[in-house]
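Have a look at the fold before reading on.

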Amino acid sequence: MGSSDSKIINEDQLQIYQEETFFTRKEILEIYKVFEKLNPDKVSEAFRNGNYTIKLSYNEIIELEELRSSPFKDRICKVFSEDQSGDMTLSDFLDMLSVMSLQAPKDLKSAYAFKIYDFNDDGFIDRTDLDELINRITGYTMNTEDVDCIVDEVLKECDLDETGTIQLVEFADILQKSPDFTTNFNISV
């Protein structure tokens with residue numbers, strides 16, 4: 001691509017991407033290159049034709065090294081995909097990387113982490129979500145009784161209003177006390 005990098009995305013579209021993310025123009029163009037590498041022919045042709053809404057499939061997106069080994073890659077892609085399919089446009093891809101960048105504020109990161117860990121998409125993190133979370137983190141190697149014990153402890157510590165679920169405000173409060181959350185909830189390309 002060489003010298004045509006800055007021409008592949010028109011100035012108006014670059015401005016929109018800058019306004020919607022925590023990235024500079026230069027960072028957006030670098031991220032475009034990463035996105036393009038996931039399917040070079042499809043992306044470069046679409047962008048040359050001004051089609052900035054071209055989508056890469058979930059299977060193409062998870063080829064990104066930083067996602068490939070994540071036990072949450074399906075949820076990450078679903079949450080950041082505008083249509084919840086896991087397929088992504090460059091705008092979706094930029095949004096994901098922006099929220100998971102070091103520049104994103106902790107409250108924004110915690111809101112997206114909550115959505116990722118709310119596996120049943122009911123607006124709460126409940127026993128079922130916690131069970132799935134623990135199993136994914138451990139590679140489904142723990143027995144049910146041990147998982148249940150951990151879930152009980154997590155709810156005891158985090159479910160401040162004792163409803164049997166963790167609400168976003170409770171989740172965010174706990175993450176505010178976690179000094180490593182901002183750096184650990186990070187994808188850097």
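Helices (H or I, at least four residues) and strands (E, at least two) are DSSP runs, numbered from the N terminus. On that basis the protein has 13 helices and zero strands. This is a predicted model, where local features need pLDDT of at least 70 and side-chain atom pairs count only at pLDDT 80 or more, while totals for chains, interfaces and linings use all residues. Residues are numbered from 1 along each chain as its sequence is written, and side-chain values use heavy atoms, with hydrogens and water left out.

**Overall build**

The C-alpha trace spans about 55 × 30 × 25 Å along its principal axes. Of the 189 residues, 44% count as buried (buried means under 20% relative accessible area, exposed over 50%, partly exposed in between, with a 1.4 Å probe and protein chains only). Contact means heavy atoms within 4.5 Å. Among contacts between residues at least 6 apart in sequence, 57% join residues at least 24 apart.

**A helix pair**

How do H3 and H4 cross? The axes of H3 (residues 25–37) and H4 (residues 40–48) come within 7 Å and cross at roughly 130°. Axes here are lines fitted to C-alpha atoms, for helices over the stretch in contact, and angles run from 0 to 180 degrees between N-to-C directions. H3 and H4 are therefore oblique to each other; under 35 degrees counts as roughly parallel, over 145 as roughly antiparallel, 65 to 115 as roughly perpendicular and the rest as oblique. On the H3 side, the contact uses Tyr 32, Phe 35, Glu 36 and Lys 37, and on the H4 side Pro 40, Val 43, Ser 44 and Phe 47.

**The largest pocket**

A pocket is an open set of points on a 1 Å grid over the protein atoms alone, where a 1.4 Å probe fits, with protein on both sides within 12 Å along at least five of seven lines; lining residues have an atom within 4 Å of a point. The largest pocket holds about 310 Å³ of space, a volume being the space filled by probe spheres set on the points, which are joined across faces, edges and corners. Of its 15 lining residues, Tyr 117, Leu 133, Phe 171, Ile 174 and Leu 175 are the closest to its centre.

Most residues other than glycine have a negative phi.

Glu 162 is exposed, with a relative accessible area of 71%.
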